[in-house]
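This briefing is meant to be read with the sequence and the model side by side. Please look each residue up as it is mentioned, and take the topics in the order given.

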Amino acid sequence: MGAINILITGGAGFIGSHVARLFVNRYPEYNIVNLDKLTYAGNLANLKDVEGKPNYTFVKADIVDIDRIREIFREYDINGVIHLAAESHVDRSIKDPFTFARTNVMGTLSLLQAAKEYWESLPEKFEGKLFYHISTDEVYGALELTHPEGVPAPFTTKASSEDNMAYGTEFFLETTKYNPHSPYSASKASSDHFVRAYNDTYGMPTLVTNCSNNYGSYQFPEKLIPLFINNIRHGKPLPVYGKGENVRDWLFVEDHGISTIRTGWTTSPPANTSTVTKRMSSN
Ligand SMILES: NC(=O)c1ccc[n+]([C@@H]2O[C@H](COP(=O)([O-])OP(=O)(O)OC[C@H]3O[C@@H](n4cnc5c(N)ncnc54)[C@H](O)[C@@H]3O)[C@@H](O)[C@H]2O)c1
C-alpha cells in the first residue's frame, strides 16, 4: 500500500485540532495536511506542539475555492479526507445564514467534487479512499423531555419538579428523521445529503457521523461551557435559552478524536453513517 495522506479540513478549530494532533502523534507514517481558512474560530496556536513534526503540513485555504482544493488533492496525493471545516455557531447562523450556506454547503460540495475528480483519475479509483464528513446531531432537531413509565427520575430540577420529569432519556439514532431547525443545522443537513449523494451516485466511499455537543480544551469562548466558565469568573449572568429545559448530550472532544479513528480508519468498508454520542450528562 502507498502512503496514507489525510486531508483534515478545519484542523485549526476546536475539534479539528484534537483530531489533527491525534493523527500526527499516533500515526507518524501518515502525512497529515491541515487545511484551514483561519476564520475567527481557527487558531494555529491550538497545534503549536505538532507544527514542527515531519508528518504535519498546514495549508491556508478556503474550502469553497474549488480550484485551490483541486491543486491540494494533486499536490499532496490525498487519499483520505476528514472534513470538519465549517461555520459552527448557531447564534451566528441566525444573524448571517448566507455565510453558513456558503461554507457548509458549497464548501462541502467543492471538497466532494475535488475528491471525486482526483480519485477517479487514479488507476485504483476509489479503492482505499474515504471521505469522512463530521456532522452534528442538530440535524435531527431537539431531544424531547421524556420520562418513560416505570423508570425512576434520575434527578429533578426547579423547572421540572412539579411533575417530577426526568430529562434526556432518549437518544438520536442513525435512523432518526432529519429535522433541522436553525440555519446552522439546515446547512449541515444539506451537506450530509450531498455526501450521501456522492456515495449513492458515484460510489464514492463516504462516512457521515452526527456527533453531539463536544467539550474540552481549545473551544472558542462563544460556546456554552467556555462561555459559562468565563461569565462565572467575571461575575456576569449566564444566558439560558427559554426555561433552561433544552436537553444536550456531551461528548469529550478527545473521545471524539478516538472515535474518528475507530469508526473511520479501522472499519473496512466504513459504515455509511454513524451517530457518535457519549452520554455524560444532560441539563
Ligand atoms: N463543537 C461541537 O460541539 C460540534 C458538535 C457536533 C458537530 N460539530 C461539527 O464539527 C465540526 C468542527 O466543529 P468545531 O466546533 O471544531 O468548529 P470550530 O468553529 O471551532 O472550527 C471550525 C474551523 O473551520 C475553519 N473554517 C471555517 N470556514 C472555513 C472555510 N471556508 N475554509 C476552510 N476552513 C474554514 C475555521 O477557521 C475553524 O478552524 C463542524 O463541522 C461542526 O459542525 C461540532
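The model is a predicted one, and its mean pLDDT is 86, with 83% of the residues reaching 70 or more. The protein has seven helices and nine strands, and of its 283 residues 35% count as buried.

**Confidence along the chain**

- Over residues 155-168 the pLDDT stays under 50, and for this stretch the model has 21 contacts beyond four places in sequence.
- The pLDDT also stays under 50 over residues 278-283, for which the model has twelve contacts beyond four places in sequence.

**The shell around the ligand**

- There are 30 residues around the ligand, and those that come nearest are G10, G13, A41, G42 and A86.
- Two or more residues of this shell come from each of helix 1 (14-26), helix 4 (97-120), strand 5 (130-136) and strand 7 (213-215).
- Helix 1 gives the most to the shell around the ligand, its share being three residues.

- The largest nonpolar core is made of 43 residues, and the ones with the most contacts inside it are I8 and A115.
- Helix 1 gives the most to this core, with six residues.
- Which residues does I8 touch, not counting those up to four places away in sequence? I8 touches G16, V19 and A20, as well as I32, V33, N34, I82 and L84.
- G16, V19 and A20, which are among the residues that I8 touches, are also among the buried residues of helix 1.
- Helix 1 is mostly covered, since ten of its 13 residues are buried, and these are F14, I15, G16, S17, H18, V19, A20, R21, F23 and V24.
- The length of helix 1 can be checked: at 1.5 Å a residue its 13 residues should span 18 Å, and the end C-alpha atoms are 19 Å apart, which agrees.

- F73 has its place in helix 2, and F73 counts as buried because it has 22 C-beta neighbours inside 10 Å, where 20 or more are needed.
- Not counting residues up to four places away in sequence, F73 touches I78, A114, A115 and Y118; A115 is one of the two residues with the most contacts inside the largest nonpolar core.
- F73 and Y118 are 45 residues apart along the chain, while their C-alpha atoms are separated by 6.7 Å.
- I66 also lies in helix 2, but I66 is partly exposed, with 17 other C-beta atoms within 10 Å.
- Leaving out residues up to four places away in sequence, I66 touches S110, Q113 and A114.
- The C-alpha atoms of I66 and S110 are separated by 5.2 Å, although the two residues are 44 residues apart along the chain.

**Loop residues**

- Most residues other than glycine have a negative phi, and most peptide bonds are trans.
- D77 is not a glycine, yet D77 has a positive phi of about 45°.
- D77 lies in the loop between helix 2 (66-76) and strand 4 (80-83).
- Is D77 buried, partly exposed or exposed? With 13 C-beta neighbours inside 10 Å, D77 counts as partly exposed, because a residue is exposed at 12 or fewer and buried at 20 or more.
- Y218, which is not a glycine either, has a positive phi of about 70°, and Y218 lies in the loop between strand 7 and helix 6.
- Y218 is partly exposed, with 18 other C-beta atoms within 10 Å.
- R248 has its place in the loop between helix 6 (224-233) and strand 8 (250-252), and with 17 C-beta neighbours inside 10 Å R248 counts as partly exposed.
- Along the chain R248 and L143 are 105 residues apart, and in the model their C-alpha atoms are separated by 7.6 Å.

Conventions. Residues are numbered from 1 along each chain as its sequence is written. This is a predicted model: local features need pLDDT of at least 70, side-chain atom pairs count only at pLDDT 80 or more; totals for chains, interfaces and linings use all residues. Helices (H or I, at least four residues) and strands (E, at least two) are DSSP runs, numbered from the N terminus. A residue is near a molecule or strand if its C-beta atom, placed from the backbone, lies within 6 Å of it. A nonpolar core is a set of buried Ala, Val, Leu, Ile, Met, Phe, Trp, Tyr and Cys residues joined through C-beta atoms within 7 Å. Two residues are in contact if their C-beta atoms, placed from the backbone, lie within 7 Å. The expected span of a helix is 1.5 Å times one less than its number of residues. pLDDT is the predictor's confidence in each residue, from 0 to 100.
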